[in-house]
Amino acid sequence: MYEVAFALMTLKPDSSTATKQIDVWIQTNKVYRHTLLSALSNDLFDVYCSYKEAKDIWDFLILKYTTEDVVR
């Protein structure tokens, strides 16, 4: 849909990467970050809105809810 796998599996490219690849990553990250944030409750939004990369938000959400499921 939004090519989310690219945003979640690819780290932010460094400055030696081609400009076009950096631009694609920035756009994909932006779209997916906003998509993730829009799906969160207000309390979770307040926590995760400061994260700049969609992968970081995704990884922390997976960790949070996987840990909660294991504890139960």
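The exercises below, with worked solutions, concern a predicted model of one protein chain.

**Exercise 1.** Determine how many helices and strands the protein chain has, and the pattern they follow along the sequence.

*Solution.* Step 1: count the elements, which gives four helices and zero strands. Step 2: read along the sequence, where the pattern is α-α-α-α.

**Exercise 2.** Decide whether T28 is buried or exposed, and find what its side chain reaches.

*Solution.* Step 2: apply the cut-off, under which a residue is buried at less than 20% relative accessible area. T28 has 9% relative accessibility and therefore counts as buried. Step 3: follow the side chain of T28, which comes to 2.8 Å from the backbone oxygen of V24.

**Exercise 3.** List the residues of the largest nonpolar core, and state which elements give two or more residues to this core.

*Solution.* Step 1: the core has 11 residues, namely A7, L8, Y32, L36, L37, L40, L44, Y48, A54, I57 and L61. Step 2: two or more of these residues come from each of α1 (4-9), α2, α3 (42-48) and α4 (54-71). Step 3: for background, nonpolar side chains in soluble globular proteins tend to be buried together.

**Exercise 4.** Find which residues Y48 is in contact with, leaving aside neighbours within four places in sequence.

*Solution.* Step 2: compare with the core, whose members include Y48, L37, L40, I57 and L61.

**Exercise 5.** State what percentage of the 72 residues in the protein chain is buried.

*Solution.* Buried residues account for 24% of the chain.

Definitions and conventions:
Residues are numbered from 1 along each chain as its sequence is written. This is a predicted model: local features need pLDDT of at least 70, side-chain atom pairs count only at pLDDT 80 or more; totals for chains, interfaces and linings use all residues. Side-chain values use heavy atoms; hydrogens and water are left out. Buried means under 20% relative accessible area, exposed over 50%, partly exposed in between (1.4 Å probe, protein chains only). A polar contact is a pair of N or O atoms within 3.5 Å; within protein, one must be able to donate a hydrogen and the other to accept it, and residues adjacent in sequence count only if both atoms are side-chain atoms. A nonpolar core is a set of buried Ala, Val, Leu, Ile, Met, Phe, Trp, Tyr and Cys residues joined through side-chain atoms within 4.5 Å. Contact means heavy atoms within 4.5 Å.
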